[in-house]
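Keep the viewer open as you read.

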Amino acid sequence: MSRVRQPPLVTGISPNEGTSWTKVTIRGENLGTGPADLVGLSICGHNCLLTAEWMSASKIVCRVGPAKDDKGEIIVTTKSGGHGTSTVSFKLLKAEKIGILDQSAVWVDEMNYYDMRTDRYKGISPLSLRPSNPLGIDFDKGKVPLKDLEALFPGVSGEFTSENFSATWYLIENHSVTSFDQLRMAASNLKKQATKKNEGSLAYVKGGLSTFFEAQDALAAIHQRLESDGTERVEGSMTQRLENVLNRASDTADTLFQEVLGRKDKADSTRNALNVLQRFKFLFNLPLNIERNIQKGDYDVVINDYEKAKSLFSNTEVSVFKKVYAEVETRIGALRSLLLDKLLETPSTLHDQKRYIRYLSDLHASGDPAWQCISAQHKWILGLMQNCKEEFINCQRVSLGAIALDLEGDPRPSAFSRIRDTAPLNKGGILHTPRHSTWHYETPQQVQFVEKLSDVVIGQLPNFWKLWISYVNGSLFSETGEKSGQVEKSKKNARQRQNDFKKMIEEVTHRLVKLVRGALLPSTLTELELRLYGGWENKTELTGPWLTQVIHTVRIIFEALVALEIPNDLLQVIQDLLLELRHHCLLVTLHHTAEDVKRVAEKEDWVVDNEGITSLPAQFEQCMVQMLQSLKEPMETKPGEVNILQLDQDQASELCVDIIKDEGARKLCERIMKVREQVEKLWKNINKVFINCLEQLSTKTDRDIDTSHMSVDLASPNLFSGIQEDFCPTLEQRLLIILSNCQYLEKHTFLNLAEHFEKHGFTGTEKITRVTVHAVKELDESLFDAYIERKSDPIVGSLEPGIYAGHFDWRDCSTPTGVRNYLKEALVNIITVHAEVFTVSKDLVPRVLTRIIEGVAEEISRLMQCVSSFSKNGAIQARLEIDSLRDAVASYLSSESHASFKQALEVLPQLHNGADKKLLEELLNTFKSSMQLQLTCFQPSNVQPVKR
């Protein structure tokens, strides 16, 4: 259900008193929803709807008509709200009769003044004092639409003061339902008015009729006397004497009244001059008034006075008026120059610019002030941007020495300095990186410059764009649709200069982009552009966080310009800049991450946990996760931006094929492919650096590790309080620790990183992950072989000397009494390896022991096959030792070990005698019972051998 609208309510009127035809502003509530909704408006009982101009629901402008009531209410009627009420009233003032010497606060038509001597108007113009009702009867309008009247009477008007006045139109419009008697009365009134026009001249003739008759009688008597005398030409005649008398009388009168008449003429001239000054004091005082109002800033008053003077005296032929009006034009010319200077003055608000443009337009200034303002504003914005760069470069040169001292160390926080302030990372868990309260860095000059440049663009370009929009739609000259001629002229000029303004916007955006490139991406500019927009002496490359802040700032600029509805083609250069900044940030972050990963090896503490790994995998994962988190904002794809994370090489190639016809899109695609290749290369380099660190840690001692590139923070002895400073692992222990770390990397770390990559939008990294895992496996195999070689070779090498110690001979030996010492020593050595490996990681035990036992079994098989023959006792002794070794390490036997032991046993003669078998079994049990404690470590566990 629609809401019922309230009736109109008038709460204010300005001014609240005045004469007829005073322009007033009515304010209130619910004054209509539009011009069509306003159906009635009366002030003091007079209908003012014809002059009403609806401005808004709270404002109406109209003129007060010649009402009968001196004071009355203001009533507004609308279609939506009905008949309204009023809380205020208007007082109608009666027009005073003003003489030629009377002062007035309003403009009086000096051609129509009131002569108080005759109590009549002198020189009254029918336009200024036209009767409101020439017929003298009440109006009785019908409902004939104005459009129908215009169609019936083309080219004429119903206004009785118009040159094309039509009486028929007037009667139909105002008296279409008036009775015949009323019309007859109106005709009688017209006749009376026509008769009154001739009463003045006729009465004058009637009043002087007797005087004319007396003059005529006197002239006739003189003529008769002259005819009867007949001496009009005789000397001394009456006529001659009369002429002489008249001449003497005239001379005497001239002598007597010459001085009086002269003073009278001067007085009349002075009086006439004073009357002229009084009547036209507006014009004579106008130059001084213009100067005073200009000083006070009342430009509206100056313009109104100038328009009035121009309408009255621009075409005057009176010399004094011409002289004064020329002075007025001189003052107005100076005002035009003053307003133009103020218009072109910067900085200036959009409101002031519009105001000055309207003033200049009203003063008919030459040229196009609006376009001059736009051009000046454009040059000022470019100058601000360039001055911003020069200011920072000069400041940089002044403080270069101090900055160099401040930046002697590495200003970029390394991975370890961030790890120090970070909570411990659980394996496979979520990384939390709270920033330390003391972690503060001075903002680089380039970042401050981009932020200041952003303030300039966001602060000035919107007003510049709004000024152009106002110029295009004509609102510079009229907010309410008035001055249609100037509006149309403005729109025409805007259409002609549209391309010029587009070039201005392009110049501003290109200047912005080139200044940013000069500060952050100088390699993308030509030598000439570098001289204009470069000049930064600080060669320190910004880190990822600072570049992220720059990207954020440039995005704010782009969003602010998009909000102004500037065409996208004018903002494409900013999008291209954002793309390159994102690419640069990605590459720089990857490069710095590689450096951070390189530092990981320097802080290896060799302290293993219950799972047999050190903090190295967690630190590597932490570095990578922090890198991904730092790239989250710059790699986020905003509207209109290209997603550079989800485009692998194959997709990029297909896209380039699809858009090969679009040159710009093709170049963009090629650039993305190139950056993608660089990213993949750097990514592989990070993994390669980490693998090299692992290999370096496994093969070099502490003295061999290069610590020259460690930062001051990393060299601090208080960073890691849990490090055992006096712990120095052996080479074998290093190999085991690194092997355990490699297994953890393969099983957990790389899987966690793959999840983090996917979570942060990085796709197409499976290939890199596979290559990295393969490289870790290769390193694992290499380190494992190195460890086995160091542990297995001494054990295997001790077998043959132990077997033949004391000139032992398989063909001539005594009855066996037990397992010989060489085998026990071999088992003890294997147990030692087991203990060493178990101390580091129990998961490595099966793998290491299985490989060592394979070597031992293979050596036993070789030695047995090298024996030419066995005696019975020799066969029993050999079988006892082989079975004892096999049974002791049964949990770690592989297929290769089984085969080697089988081959060794097949070489030996078979035992057919029951006594020999019983002896073998007893000796075997004795061995197991005697070494039960030592052989406990070889018992089966829940850890199964790892097949590599």
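Leaving aside residues up to four places away in sequence, F690 touches V597, V600, L616, F620 and L745, where a contact means heavy atoms within 4.5 Å. F690 sits in helix α22 (residues 663-699); helices here are DSSP runs of H or I with at least four residues, strands are E runs of at least two, and both are numbered from the N terminus. F690 is buried, at a relative accessible area of 1%, with buried defined as under 20%, exposed as over 50% and partly exposed as in between (1.4 Å probe, protein chains only). Look also for T772: it is 82 residues from F690 along the chain, yet their C-alpha atoms are 9.9 Å apart.

A word on the ground rules. This is a predicted model, so local features need pLDDT of at least 70 and side-chain atom pairs count only at pLDDT 80 or more, while totals for chains, interfaces and linings use all residues. Residues are numbered from 1 along each chain as its sequence is written, and side-chain values use heavy atoms, with hydrogens and water left out.

Zooming out, the protein chain has 29 helices and 13 strands. Of its 948 residues, 40% are buried. Among contacts with a separation of 6 or more, 74% come from residues 24 or more positions apart. The accessible surface is about 53,500 Å², and carbon and sulfur atoms own 52% of that (Shrake-Rupley method, 1.4 Å probe; for residues, only the protein chains shown count as cover).

Now for some helices. In α18 (residues 568-600), 33 residues reach 46 Å from first C-alpha to last, close to the 48 Å expected at 1.5 Å a residue; the expected span is 1.5 Å times one less than the number of residues. α18 bends by about 25 degrees at I574, the bend being the angle between axes fitted to the seven residues ending there and the seven starting there. It's mostly covered, too: 26 of the 33 residues in α18 are buried.

Helix α24 (residues 766-803) has 38 residues, which should span 56 Å, and its end C-alpha atoms are 54 Å apart, so the two agree. There's a bend of about 30 degrees at S792, with a proline, P794, following within four residues.

What does α24 pair with? D780 forms a salt bridge with R847, the closest N and O atoms being 2.5 Å apart; a salt bridge is a side-chain nitrogen of Lys or Arg within 4 Å of a carboxyl oxygen of Asp or Glu. That pair links distant parts of the chain, with R847 in helix α26 (residues 844-866) and D780 in α24, 67 residues apart. Both partners, R847 and D780, are buried.

The structure holds 27 salt bridges. In another, K389 meets E390 with the closest N and O atoms 3.0 Å apart. K389 counts as buried at 2% relative accessibility, whereas E390 is partly exposed at 33%.

Finally, the surface. L256, F257, V260 and L261 form a nonpolar patch with about 390 Å² of accessible area together. V260 lies in helix α5 (residues 238-279) and is partly exposed, with a relative accessible area of 40%. Patches take residues with over 30% relative accessible area and no salt bridge, joining like charges within 9 Å and nonpolar side chains (Val, Leu, Ile, Met, Phe, Trp, Tyr) within 5 Å.
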